[in-house]
Amino acid sequence: RLPNDRKHQVKLFGYYQATPEWGFGGNLLLASGRPKNCIGNAPSTTGDFFTNGAITNYSHYNSEYFFCNGVASPRGSAGNLPADIRLDLNFTYKPDYLKGFGVKLDIFNVFDRQSPQAIEERYNTPGGATTVWNRFGTVESYTSPRSMKITASYDYKF
């Protein structure tokens, strides 16, 4: 499973012109969580590949392999992040008495739901050590918090 794999995703959007002056719109996103990975050091084996089939020691490359605690952990085998649910709304006002003028209010992430978007997936500490990194599984980024944008425009042809 690739990093942005989401099993289910629904996007709804629409706009309604209530009167010649007022309009309302919205966007809704419902998406299942992204897969979580565990990327750690490969098991430390020694020997000659051509003699006994063992792989020479390659664990000094740090957390770059899909191994956790010496066990293979394929992509997405550590579960999923929480679902991403966002609602954005917008309101538009274009007064009749001032042709070409308009004001728009956009509200992003109305419910201020800040879901984790990325976590630290490296299992072992940097430098090839076999100890578990204390940052493993911590959230690196969240969905942007609620925000608003006001836009004023004047679009009139002379």
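**Reading charges and strands**

Tutor: Let us begin with R86, which is partly exposed at a relative accessible area of 28% (buried means under 20%, exposed over 50%, partly exposed in between, with a 1.4 Å probe and protein chains only). This is a predicted model, in which local features need pLDDT of at least 70, side-chain atom pairs count only at pLDDT 80 or more, and totals for chains, interfaces and linings use all residues. Residues are numbered from 1 along each chain as its sequence is written, and side-chain values use heavy atoms, leaving out hydrogens and water.

Student: With which residue does D84 form a salt bridge?

Tutor: Side chains of opposite charge can pair when their charged atoms come close. A salt bridge is a side-chain nitrogen of Lys or Arg within 4 Å of a carboxyl oxygen of Asp or Glu. Here D84 pairs with R86, their closest N and O atoms lying 2.8 Å apart. D84 is buried, at 2% relative accessible area.

Student: How many salt bridges does the structure hold?

Tutor: There are seven. Among them, K104 meets D106 at 3.8 Å, N to O; K104 is partly exposed at 33%, whereas D106 is buried at 8%. E120, R122, R135 and E140 are linked in a network of salt bridges.

Student: In what order do the five strands of the open sheet stand?

Tutor: Strands are DSSP runs (E, at least two residues), numbered from the N terminus, and two pair if DSSP finds at least two bridges between them. The order is β1-β2-β5-β6-β9, with antiparallel pairing. β1 (9–17) and β9 each have a single partner strand, so one side of each lacks a neighbour in the sheet. Strand β2 (residues 22–31) is joined to β5 (residues 84–93) by 10 bridges, and G23 stands opposite T92 in β5.

Conventions. Helix = DSSP H or I, 4+ residues; strand = E, 2+ residues; numbered from the N terminus.
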